[in-house]
Amino acid sequence: MEGLEIRNCNSKKGKALFATRKYEQGEVILEEDPLVSCQFAWNAAYRYLACDFCMRPLETPEQNVRRLSCKPDIVLPHSNSFELNLECVTSCNHCSVLYCSESCRERAFLTYHRLLCYDTTDAQHPITVLLEAWKQMHYPPETTSIMLLVRILAYIEQSPDPPAASARVKQFCHRTVNEDAELVHKLLGEQFTDQLNTLRELTSNVVNGDYIQEFLTPEGFCSLMALIGTNGQGIGTSPLAQWVNAVVEITMSDDERQQLDLFIDKLYQYVEEESGTFLNTEGSGLYQLQSSCNHSCLPNAEPSFPYGNHRIQLKALKTIMPGSEICISYLDECSLQRSRHSRQKELAQNYMFVCWCERCIEQASQPDCTSEEEMSEDEVDADD
Ligand SMILES: C[S@@+](CC[C@H](N)C(=O)[O-])C[C@H]1O[C@@H](n2cnc3c(N)ncnc32)[C@H](O)[C@@H]1O
């Protein structure tokens, strides 16, 4: 971990990632693969075809946009600017799960799949039953997946050194028992206690063993749910988004560019109309270094998925000096432009913390400039 260190930041933010050397704007700070990752259950149900291990798309951008927009005749120009090698696609030797390569198949089997191999067409199989229960409790847009939790448990249980694997999992952001319960309540809604018990029972039918007993108690399971809710990083590997990124780089006349931009806007509109919420992130993963990155409303780094799979890259948005904390934004561009009041509200509602970033601390001493529109949204919220 050259050039970086994880250490305690303060009592408000907990652990944080710090630079131990200078990073120039645009420089890659880190790249890492997740401990485990998985597709969201609803995305899989909508046949979002991706490698079961690394989430690389297993369909071309054209196939992807035709399916998501329900327009089978759409033709994407410059399709050759996006290469998708589907020749190496393979499946598990024992079940029908698909992988983009032999290497992903082997790594999945070694990490968790040995314990989770099952006939995906068997409606009675404990994994199918668990996924169906999860889908009924957690409608899109999903923010995490019960499969991520199941893969963590299988990862510990089939590890050559289960206590060490369990310790690695426990290093992720930790909260108190009450905070865990509050977070899971938020994740599952009003029925949370019953639903948590159902999920716990169904999960222990899927994966069980000596080394994971502590995670299958009511408290341990709640804590693991909070762990995936707090640390799960959304993974975006949409082939359509990758095609858009590739065509933006092509040199063309202003006229052609304008036509192409209009065409892209229309594509997104079609997709949004048919299956909007399935477009942006297709799953989530648990990253050891990345998950120690705190949020800032003035971020100095940005994560992306440049390889079209679950490998994350963190790049500097500005020059970062040694000793500085490296922060990303948990909010989207649009929310970042809003007042402190609105940003704090969104972070509290979606991530359950009060933001102590530099920008919020500085703005706390100034009069809040919440717009009338934001105020009236708050009033609507308050009425709810
Ligand atoms: C993915 S973890 C980041 C690492 C975390 N600080 C730790 O100690 O493991 C996300 C959690 O960090 C804390 N956090 C992140 N950004 C924060 C901020 N700007 N202000 C206060 N707490 C923050 C919140 O508790 C949040 O749920």
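**A walk through the predicted model**

With 17 C-beta neighbours inside 10 Å, T198 counts as partly exposed, a class that lies between buried (20 or more other C-beta atoms within 10 Å of the residue's own) and exposed (12 or fewer), with C-beta atoms placed from the backbone. T198 sits in helix α8, which spans residues 192-206; helices here are DSSP runs of H or I with at least four residues, strands are runs of E with at least two, and both are numbered from the N terminus. Between the C-alpha atoms of T198 and W134, which are 64 residues apart along the chain, the separation is 9.6 Å.

Residues are numbered from 1 along each chain as its sequence is written. The model is predicted, so that local features need pLDDT of at least 70 and side-chain atom pairs count only at pLDDT 80 or more, whereas totals for chains, interfaces and linings use all residues.

The predictor's confidence in each residue, pLDDT, runs from 0 to 100; for the protein its mean is 89, and 93% of the residues reach 70 or more. Confidence is highest in strand β12 (residues 327-328), at 98, and lowest in helix α15 (residues 372-383), at a mean of 44. Over residues 378-384 the pLDDT is below 50, and this stretch has zero contacts in the model beyond near neighbours in sequence, a contact being two residues whose C-beta atoms, placed from the backbone, lie within 7 Å. The model scores are ipTM 0.99 and pTM 0.88.

The ligand is surrounded by 18 residues, of which the closest are G14, K15, C173, N294 and H295; a residue is near a molecule if its C-beta atom, placed from the backbone, lies within 6 Å of it. Two or more residues of this shell come from each of β2 (14-19), α9 (218-231) and β9 (294-295), and the largest share, three residues, is that of β2. By residue class, the shell divides into seven nonpolar, eight polar and three charged residues, where Ala, Val, Leu, Ile, Met, Phe, Trp, Tyr, Cys and Pro count as nonpolar, Asp, Glu, Lys and Arg as charged, and the others, Gly among them, as polar.

Strand β2 also has a partner: strand β1 (residues 4-10) pairs with β2 in the antiparallel sense over six bridges, and two strands are said to pair if DSSP finds at least two bridges between them. The two strands form a hairpin with three residues between them, and within this pairing F18 of β2 is the bridge partner of E5.

Strands of a sheet pair through backbone hydrogen bonds, either parallel or antiparallel. Strand β8 (residues 283-286) pairs with β7 over three bridges, and I235 stands opposite G283 in β8.

Strands β3 and β11 (residues 312-316) pair over four bridges, with V28 opposite K315 in β11.
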